[in-house]
Amino acid sequence: MSDKLYIFDTTLRDGEQVPGCQLNTIEKIEVARQLEKLGVDIIEAGFPVSSPGDFNSVVAISKAVSNPTICALTRAVSKDIEVAADALKFAKNGRIHTGIGTSPYHIYQKLNSNPDAIIERAITAVKFARNLVAEVEFYAEDAGRSDNEYLARVVEAVINAGATVVNIPDTTGYCLPHEYGEKIAYLMNNVPNIDKAILSTHCHNDLGMATANTLSGVINGARQVEVTINGIGERAGNTSLEEVVMAIQCHKNMPYKTGIDTKQIMKTSKLVSTLMRMPVQANKAIVGRNAFAHSSGIHQDGVLKDRETYEIIDPAEVGVKESSIVLTARSGRAALKHRLEVNGYKLDGTELDDIYQKFLELADRKKDVSDEDVIALVGLDKERGESSMKLTALQVLCGKSTIPTATVQLSFNGDLFTETATGNGPIDAAFTAVKRLVKRKVHLEEFLVQAITRGSDDLGKVHVELEHKEQTYYGFGANTDIVTASVEAFLDAISKIGKTIE
């Protein structure tokens, strides 16, 4: 049996069924192009008959990408299949994904039918689709709750009819991992023509077992996995692409190979999260903000000595620059020393011990301690301020019918420097003006705004992360004016690079 594992991404179809996460055609093309860079084998681009927008998106994606197979979903209905084939006419490689329910719930309640009639409808749909496209995938909806013997009859029939891939969905996320694996194994051993098609997994996460079920299916013979970025999807979501791919990569004894460029995972995750306006939970495996963050002193000490002590994945493998050492009341001296060194301060011995005691007192009062807090503890704020740039004036002009413009005035070593720039918004304009003044090529890696209190008069905290010559610099600002806070944070990070204004 081949060790190639095909990655079927359904972010743009099943993933987009999340309420409030619908994308327009331009956004779908952007995601599809990133999925192509990621290296997925199949992109399920939509359900063409469902709306003109979905139809147009499948057409546009078919034109925009060339390497992945473009797949369109249908019911086992002739009109659905005709529309899907029409939407795929520009695809270099097109696939129709058609199917019908096979569990008692679907056969008797939903479809008001009988098992034999369902098989006939499945055969008719597959044959019709095969006359229109070269690749046909059949899905046995609610296969997770379908009788295995009957399911085997359906699978044999649709393969004979021309299906090249047969999808065995755990539509409701009902199966336990051993049950789903046994179902795949039963089909592999009891369908006479199974060698003429690929079995596919499509697991939902209603009981939190989508990834486990998917891997169990693969181990028992499935060679295609249907997944989404960040595990998004209807109800509790679908199997997470990043979890399956990295589980296989981590376990070297698993012989399966994918074509995924894992260094594109984080970039793809952030794109999908941003466009769908669906934040990734902080503790989400692989792509969550805390996936490579350590706050326990014991863990921090171990990671600083040898990353593999507490990390089974190198963050760089998924596109994350480095692990995060988060300072909290549970952090130890090693973590504090590390954060001080990141900010340019080297302390040892008694000096470090004294600062550590002050740090613990502060950490007991705060959820986490920022770089700005650490610098203040060292007592170098004044010294640092004397050699740093200061924002002396800031004026922004913005509005619905106005081009955002910012004028920034900086004080540096007693001299004043002024620059005006435009941008996509007042903050972007201000940042552009600062970059012109400091004459340094910096790239904004992260921009985070947090409210300290509640209300329109909030004091806002801004954290920025800049990259300059492959080095990372962090900045912090706080002000009731969020634009001012942003510029101060930007300057704070830039000031750590060294002398900047010439």
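A nonpolar core is a set of buried Ala, Val, Leu, Ile, Met, Phe, Trp, Tyr and Cys residues joined through side-chain atoms within 4.5 Å. In this predicted model, the largest such core holds 95 residues.

**The largest nonpolar core**

- Within this core of 95 residues, F138, V155, V166 and I168 touch the most other members.
- The element that gives the most to the core is helix α6, spanning residues 148–161, with nine residues.
- Because domain 1 (6–276) and domain 2 (293–378) both give residues to this core, the core lies between them.

**Contacts of V166**

- Leaving aside residues up to four places away in sequence, V166 touches F138, V155, V158, I159, A197, I198, L199 and S200.

**Another core**

- A core of 26 residues lies apart from the largest one, and its members include A430, V487, A489 and F490.

**The second largest pocket**

- Strands β4 (94–101), β5 (135–141) and β6 (165–170) are the elements that give two or more residues to the lining.
- Strand β4 supplies the largest share of the lining, namely four residues.
- Sorted by class, the lining comprises eight nonpolar, eight polar and eight charged residues.

How values were computed:
Residues are numbered from 1 along each chain as its sequence is written. This is a predicted model: local features need pLDDT of at least 70, side-chain atom pairs count only at pLDDT 80 or more; totals for chains, interfaces and linings use all residues. Side-chain values use heavy atoms; hydrogens and water are left out. Buried means under 20% relative accessible area, exposed over 50%, partly exposed in between (1.4 Å probe, protein chains only). Domain bounds come from an automatic or database domain assignment. Contact means heavy atoms within 4.5 Å. Ala, Val, Leu, Ile, Met, Phe, Trp, Tyr, Cys and Pro count as nonpolar, Asp, Glu, Lys and Arg as charged, and the others, Gly among them, as polar.
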